[in-house]
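Thanks for asking me to look this one over. My comments are below, point by point.

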Amino acid sequence: MERIDYALPWSHLGSDRSISVFRFGRGVRKAYIQANLHADEFPGMRTAWELKKRLAELEERGLLKGIIELVPVANPLGLGQLILGNHQGRFDAGSGKNFNRDFVELSELVASQLDGHLGSDPNANVQLIRRTMSNVLANLPPASSQLQHVQRLLLSHACSSDVVLDLHCDAEAVVHMYALPQLWPKLTSLAAHIGSQVGLLVEVAGGNSFEESCSLPWLKLSRMFPQVPVPLACVAVTVELGGQADTGCIENKAHAEGILAFLAEQDLIGGDWPDAIHPPCEAMPLEGVELLFAPHPGVVSFIRKPGDWIEIGDEVLEVIDPLSDRVGTVCAGTSGLLFAIARQRYAQPGFLLAKVAGREELRGGNLLND
């Protein structure tokens, strides 16, 4: 195992921050796994620790067939944002920006340097594109903030990878995943290994999240250069490992073993690995996710729980005003899987309380709720 520590610039006087990358194995193929980009989401960090121990064992046994890079703590900035005992790890306290938005959009920058240099060999094209991505990132103007520096650093490690796993979680939720529709056939096995209950698929979700910044440039480049073979060479996925409280030993060990089994199927790990114990989950369009909001202020009571299948018109939750005795019952407007709910039990009007993944498209534009 090699440990690479990057000191972050712009630290406050008397304090230093760093990002640590743990590199295991050798080879041509590479996987990159990071956790805690939203710094108040800890199941990924817990799973990453299990992966770290297991990867060291596998490396010692000579079973790694490629490089696997692991970043257990991808966001030390947000990790330190404890305000009056509450962790605020989703948004940068200084700028208000979501830590998982506005990553560098590589396709246009890379395409300008590729014209006339791509050929008929898809493998050679992949290697050229990866080198160009790395060069583009290295030659950008200096980062203007610590957040931007962190984002570029993480992307510089991921853009040369065959597989990218960005480990997150929701508030209270079942395991679910976000990815490009074109990548889903390669990700169904991962979904089955970790017990994902739904795959949410879209080409452009909006916001330029980390996972999208890794996978979408390959799709765009394949369309910009249709005369030459440009494979979708980065299988990137956002993995939501349940809810924020799901940091138990048993489930996170299982998630780690499922991820390792998937990486073995991608020819990055040798040895014998068990088949997935879960059935493959259904994929649904991200445009089909219905967001349910509070109709008025009050205390929230959930009638249904994450993992339930909801039909149109089913009651999902109530918002109760104990002063006026007003009860606002929120019903589903689509049939689908209730996959995530809010942790807060007091809401104001317009507060997002639940998400239902349906088969029919309902929304367009920017599909990521901040």
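1. A word on the basis first. This is a predicted model, in which local features need pLDDT of at least 70 and side-chain atom pairs count only at pLDDT 80 or more, while totals for chains, interfaces and linings use all residues. Residues are numbered from 1 along each chain as its sequence is written, and side-chain values use heavy atoms, with hydrogens and water left out.

2. How many aromatic pairs does a search of the whole structure find? There are two, where rings of Phe, Tyr and Trp (its six-membered ring) pair if their centres lie within 6.5 Å, and planes under 30 degrees apart count as stacked, over 60 as edge-to-face and the rest as tilted. Tyr32 and Phe210 make a tilted pair, with 6.1 Å centre to centre and 45 degrees between the planes. Because Tyr32 belongs to strand E3 (residues 30-35) and Phe210 to helix H7 (residues 210-224), this pair ties together parts that are 178 residues apart in sequence. Helices (H or I, at least four residues) and strands (E, at least two) are DSSP runs, numbered from the N terminus.

3. Both of these residues are buried, Tyr32 at 0% relative accessible area and Phe210 also at 0%. Buried means under 20% relative accessible area, exposed over 50%, and partly exposed in between (1.4 Å probe, protein chains only). Phe210 also pairs with Phe103, this time edge-to-face, at 5.3 Å centre to centre and 70 degrees between the planes. Phe103 comes from the loop between strand E6 (86-87) and helix H3 (106-114), 107 residues away from Phe210, and is buried at 3%.

4. Helix H7 deserves a look of its own. H7 has 15 residues and reaches 22 Å from its first C-alpha to its last, close to the expected 21 Å (1.5 Å times one less than its number of residues). A kink of about 30 degrees lies at Leu216, shortly before Pro217; the bend is the angle between axes fitted to the seven residues ending there and the seven starting there. H7 is mostly covered, with 12 of its 15 residues buried, among them Glu211, Glu212 and Trp218.

5. On the cysteines, a search of the whole structure finds zero disulfides, a disulfide being a pair of cysteine sulfur atoms within 2.5 Å. For Cys159, the nearest cysteine sulfur is that of Cys214, 7.7 Å away; for Cys169, the nearest is that of Cys249, at 17 Å. Cys159 is buried at 4% relative accessibility, and Cys169 is buried at 3%.

6. In helix H5 (residues 146-158) you will find His157, buried at 7% relative accessibility. The His157 side chain makes a polar contact of 2.7 Å with the side chain of Tyr6. Such a contact is a pair of N or O atoms within 3.5 Å; within protein, one must be able to donate a hydrogen and the other to accept it, and residues adjacent in sequence count only if both atoms are side-chain atoms.

7. Finally, the backbone. Most residues other than glycine have a negative phi. Asn208, in the loop between strand E10 (198-201) and H7, has a positive phi near 55 degrees and is buried at 17%. Asp325, in the loop between strand E16 (315-321) and strand E17 (326-331), has a positive phi of about 65 degrees and is exposed at 62%.
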